[in-house]
Amino acid sequence: MKRFSLLYGAPLLLLLAGIALPLARGGETLFLRDTFNAHLPMKWAEAEALHRGTIPLIDPWRAGGQPLAGNPNAVPFYPDNVLYLIASAVWALNAHFWLHLLLAPFAFAWMARSLGLRREAAWAGAVCYTLSGFFLSHLSFYNLIAGAALAPALVAAGLALAVREQRRWALPAVALLWALLLLGGDPLMALLALLLAASALVLRLRRPPGRSVPTGVSRPAVFLPGFAALAAGTLLSAPQIVEFVRILPLSFRGHWGYTSAVATVASWDPRQAAEWLVPFLFGRPDLLGPGSFWGSRFFTDVPPYYLSLYPGLLALALIAAAGRPKWRDAKDPACTAVLWAWGAIAAGLFFALGRFNPLGSWLFALPGGSSLRYPVKLWLPVAVGSALLCGIGFERLLAAPHAAHAADADQGPNAAAGRRFRRTLLGLALVLLALWVFLTFLPAFSYPWLRHLIPEGFTDAFVANERRRWA
């Protein structure tokens, strides 16, 4: 255990502590996007109400008075709001971010362990998830980071329902986590977490040909208590739900809705996948001047909703090492985890495409579907599934040397994991090397190419700087 803590746990926790410490000491603050533009004013009004000993029903400083307790984006009933009673509003605002940043790897590792991964592999997946561009982008969204951090924990607690010995503590855990997700600021994130947990549990209880449900597991004995736990969690969050339902018909979104064009304004353009090779390929949204964001036409002509979806090159290689899902591979103990991870990725990509997916356009035509302005928020299953595959790939790499020296070198998926991992890293290295050579030694070709990509409103000096930045 001590070796694991030093070799695996310490590097990530030290890195996260380096991010959190300036915020915890009060010397720095997060401020991008909605953090200062929307959430700080709302939390400030809420803090004033709490200090007066009243329920923060209204924010008097926004548009002559706007609903506060009924606005999920204000996160009015989340437990860490108690910090606004003992600290400044800015410090408490930042605490909500760094507390969930530190919590995220443990939640994900718990989920991965519940899906059968070894401790080292589970933590590897947690590293890939917590340090992904997707999760770190939530440091700009006060109302989303709780959902991104707690969703894997709900999956883990849901899977514990299938184990009779764990069901006693799993039921209150499901209720509490579901309540926290409902109070965390975004109902869509809560729904995504619930769907991930339900699908993982159903897959765990599946009955493949020739096999039976694990001993001691009965579907009614799992799902009926699970529904009761969800009902208890819903009752815990009732103040938020009741007030939300009360003010919804009077809101702009509830009364008028949105047009189909606005409904898919933040869809995932497949061309954005180029950023999986180089982070901030289209410029940095947090800068002005050289290196600033210029790729609006690759983001449906709006600034990117998430600052980055860069997963990390090592993560891509680990996903390749995990391999393809094989439903009937009885020799693979991680079969269920692989199937669930790839299924989550496929479902998330399908809906995150938004306007770029003609097959999914029916979703936004349904009643209330026009309120889904940001299909890219459905990236959560992609991020969770990808990070789980990273953990599975890591586990197979640990087992690969044993498979290579065994009498039967073709014994399951572990034998080929090392080859896939090395080939993927080599392929990525060759692609990046070719791009570097093109940018560095062939400016007569690379500059006109970039000039064509970057809008005309940006100067030639900006384009020249972008060529150097890419290189």
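The model is predicted, so local features need pLDDT of at least 70 and side-chain atom pairs count only at pLDDT 80 or more, while totals for chains, interfaces and linings use all residues. Residues are numbered from 1 along each chain as its sequence is written, and side-chain values use heavy atoms, with hydrogens and water left out.

**Leucine 277**
- Leucine 277 sits in the loop between helix H13 (260-263) and helix H14 (313-322); helices are DSSP runs of H or I of at least four residues, numbered from the N terminus.
- Leucine 277 counts as partly exposed because its relative accessibility is 28% (buried is under 20%, exposed over 50%, partly exposed in between, with a 1.4 Å probe and protein chains only).
- Leaving aside neighbours within four places in sequence, leucine 277 is in contact (heavy atoms within 4.5 Å) with Tyr310, Leu313, Leu428, Val431 and Leu432.
- Leucine 277 and leucine 432 are 155 residues apart in sequence, with 7.8 Å from C-alpha to C-alpha.

- Not counting residues up to four places away in sequence, phenylalanine 108 touches Ala122, Gly125, Ala126, Tyr129, Pro152, Val384, Ala387 and Leu388.

**Second largest pocket**
- The second largest pocket is lined by 23 residues; a pocket is an open set of points on a 1 Å grid over the protein atoms alone, where a 1.4 Å probe fits, with protein on both sides within 12 Å along at least five of seven lines, and lining residues have an atom within 4 Å of a point.
- Leu32, Leu136, Leu139, Phe280 and Leu307 lie nearest the centre of this pocket.

Terms used
Helices (H or I, at least four residues) and strands (E, at least two) are DSSP runs, numbered from the N terminus.
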